[in-house]
Amino acid sequence: MAAKNRGMAAGDGGLAIENGGVTMKDGGVAAKHDRERPHDHLAAWLAVGRAFDLLTVPLVITALYFAMVRAPEAAGDTGGIVQRVFYFHVPFAMAAFLGFGIVLVASIGFLAHGRRSWDATAEAAAETGLLCCTIVLLTGPVWARFAWGAWWTWDARLTSTLVLWLIYAGYLVLRAYMADDARVRRYAAVLGIIGALNVPIVYLSVRWFRTQHPETLISKRGGLDPSMAVALRMGMLAVFTVFAALLVKRLLLGRLETRVAALRAGLDARE
Amino acid sequence: MSPWLRAVGAILRKDLLLEWRSREALTSMAFFALLVTVLFGFSFDAGRIDRDIMAETLGPGLLWIAFSFSGVLGLNRSFAIEREGGCLQALMLAPVNRSAVFAGKMLGNLLLIGLVEVLTIPIFSILMRVSVLSCLPRLALVAFLGTLGFSAVGTLLSALASGSRLREVLLPLLLYPVWVPVLIAATQLTGQALGGRPAAEGERWLALIAAYDIVFITAGLLLFDHLLEE
Amino acid sequence: MNGLGYLVLAYGFIWVALAVYLLLLGRRIGRIGREVEELRRRAEEAPGPHSARP
């Protein structure tokens with residue numbers, strides 16, 4: 001029952017972590033504790049994770065094809081070949097928002113119902129959301145360097161993304177530096193709500209503060225060439241699937257950790 | 001007077017009395033703000049900076065950085081003293097709504113940080129050669145609204161951070177990112193005031209700070225309960 | 001650096017970030033696997049009063 005991490009080649013967008021090996025279905029120590037075992041639907045989650053894994057590779061390849069080949073070269077000062085990063089840059093920004101949105105909903109859910117799974121969802125979504133946010137912050141400056149001649153321009157959207165990154169990095173720092181107990185879960189939920197409440201205010205303030213982004217490319221639907229819109233939609237489909245695959249993996253990991261900790265406690269008590 | 005207001009008043013009075021007897025927080029915060037100002041003066045060679053630039057961009061930035069840095073000292077103390085000697089348990093046992101504890105603590109922090117600002121602004125004015133007398137009402141309004149938001153978020157987060165083992169470090173890490181919108185708005189408004197520009201320019205920034213204050217005071221009143229149950 | 005170089009750099013960042021995160025997840029999964037092994041050994045070596053398992 002060894003944990004195997006085969007097929008970790010992420011370069012091609014393949015997200016297959018073979019974590020079947022760590023399921024406790026066949027685990028010897030699990031048998032006695034079956035009655036006390038939490039209803040965590042591990043097998044179902046594992047199947048969902050596998051499905052997303054299988055979907056990611058073709059979807060990412062298709063999205064790359066649309067972004068690199070099918071979409072026409074964009075014009076204007078933010079155009080040129082580097083604009084082709086747009087078809088992944090923007091979906092990752094949306095996925096980051098989705099992740100932080102899940103953090104808000106799960107945090108409220110946890111404070112309202114106190115169920116552990118809400119908290120685990122919030123933590124997993126914060127981590128995957130922060131990963132997407134990091135990708136936005138890595139690709140944005142590359143595009144900016146080409147389009148505006150500087151890696152960082154204090155442009156409105158990049159700057160507010162940076163602030164978001166800082167807020168949710170702080171959220172994960174709080175979780176990392178406190179023991180995983182009932183208290184930190186409540187604290188994290190409060191912080192998850194405060195952070196999300198702040199997002200619209202950050203966006204407004206930074207937009208008034210400064211704006212330089214290619215607005216026409218994003219805000220005006222008519223401004224976006226139809227084949228560009230298709231490529232963007234393909235990118236969104238691929239990135240959202242990658243996001244979902246990662247989120248499910250992270251959730252599964254959290255559940256496994258919880259269950260192993262429970263088993264350890266049970267074994268310690270018996271000895 | 002409603003029991004809720006009486007509870008708020010009692011907690012506020014307790015904090016102010018405690019501070020009045022020791023004056024520890026006030027002294028350390030004001031001294032720290034002075035140090036930030038002096039260090040800023042040296043590091044940016046303040047004597048050679050154009051006066052308009054100082055009044056409109058560098059000065060407001062310095063002022064709000066000094067307020068933010070010294071404010072965190074006060075906030076950290078605000079709950080550290082409660083954790084000593086089981087005061088927090090006593091507060092939790094008190095038959096009052098927890099939101100009253102938040103409101104009392106927040107007002108105490110507001111007064112304390114406000115007092116530090118009152119002491120810092122004249123020193124800033126002299127050292128940085130920026131005249132503040134002509135725009136004092138505008139400056140006071142910005143300082144009040146900004147500090148109100150700072151105290152609201154700060155009180156909530158300091159209760160949160162004080163429960164962890166690296167509380168002094170954790171608070172600024174959590175607070176400053178959330179504080180960014182008001183920092184932007186407050187420095188813009190302060191720059192407009194010190195630069196003598198028309199007040200109408202800053203109306204939307206004032207609205208933004210007011211909205212922030214309302215959102216986070218409400219959030220504090222509603223969420224504080226979850227931070228105190230042990 | 002020309003446009004193509006920047007494009008390669010940007011996409012490179014995406015895959016590297018994903019790879020690093022997957023690596024971190026993989027390490028945590030590996031740690032759990034080892035922990036499960038250890039727990040199972042303990043359960044087999046020191047059978048408690050209730051471990052009447054085949």
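Predicted model: local features only at pLDDT ≥ 70, side-chain atom pairs only at ≥ 80, totals over all residues.
Which residue forms a salt bridge with R98(B)? Over all chains, the structure holds 21 of them.

Okay, back to R98(B). The partner is D225(B), and the closest N and O atoms sit 3.1 Å apart. What I like here is that the pair links distant parts of the chain: R98(B) is in helix α5 of chain B, residues 98-127, while D225(B) is in helix α8, residues 203-228, and the two are 127 residues apart. As for D225(B), it counts as partly exposed, at 33% relative accessibility.

Now let's move over to R264(A). Its side chain meets that of E35(C) in a salt bridge, 3.4 Å from N to O. R264(A) lies in helix α7 of chain A, residues 226-270, and E35(C) lies in helix α1 of chain C, residues 3-45, so this pair joins two chains.

R264(A) also has a salt bridge with E38(C), at 3.3 Å, N to O. E38(C) is in helix α1 of chain C and R264(A) is in helix α7 of chain A, so here again two chains are joined.

E35(C) is partly exposed at 25%, and E38(C) is partly exposed at 29%.

Last thing, and then I'll sit down. There's a network of salt bridges linking D119(A), E123(A), E127(A), R175(A), R185(A), R250(A), E257(A) and, from chain C, R28(C). Have a look at that one on the structure.

Methods. Residues numbered from 1 in each chain as written. Chains lettered and ligands numbered in written order. Heavy atoms only, no water. Salt bridge = Lys/Arg side-chain N within 4 Å of Asp/Glu carboxyl O. Helix = DSSP H or I, 4+ residues; strand = E, 2+ residues; numbered from the N terminus. Buried < 20%, exposed > 50% of the residue type's maximum accessible area, 1.4 Å probe, protein only.
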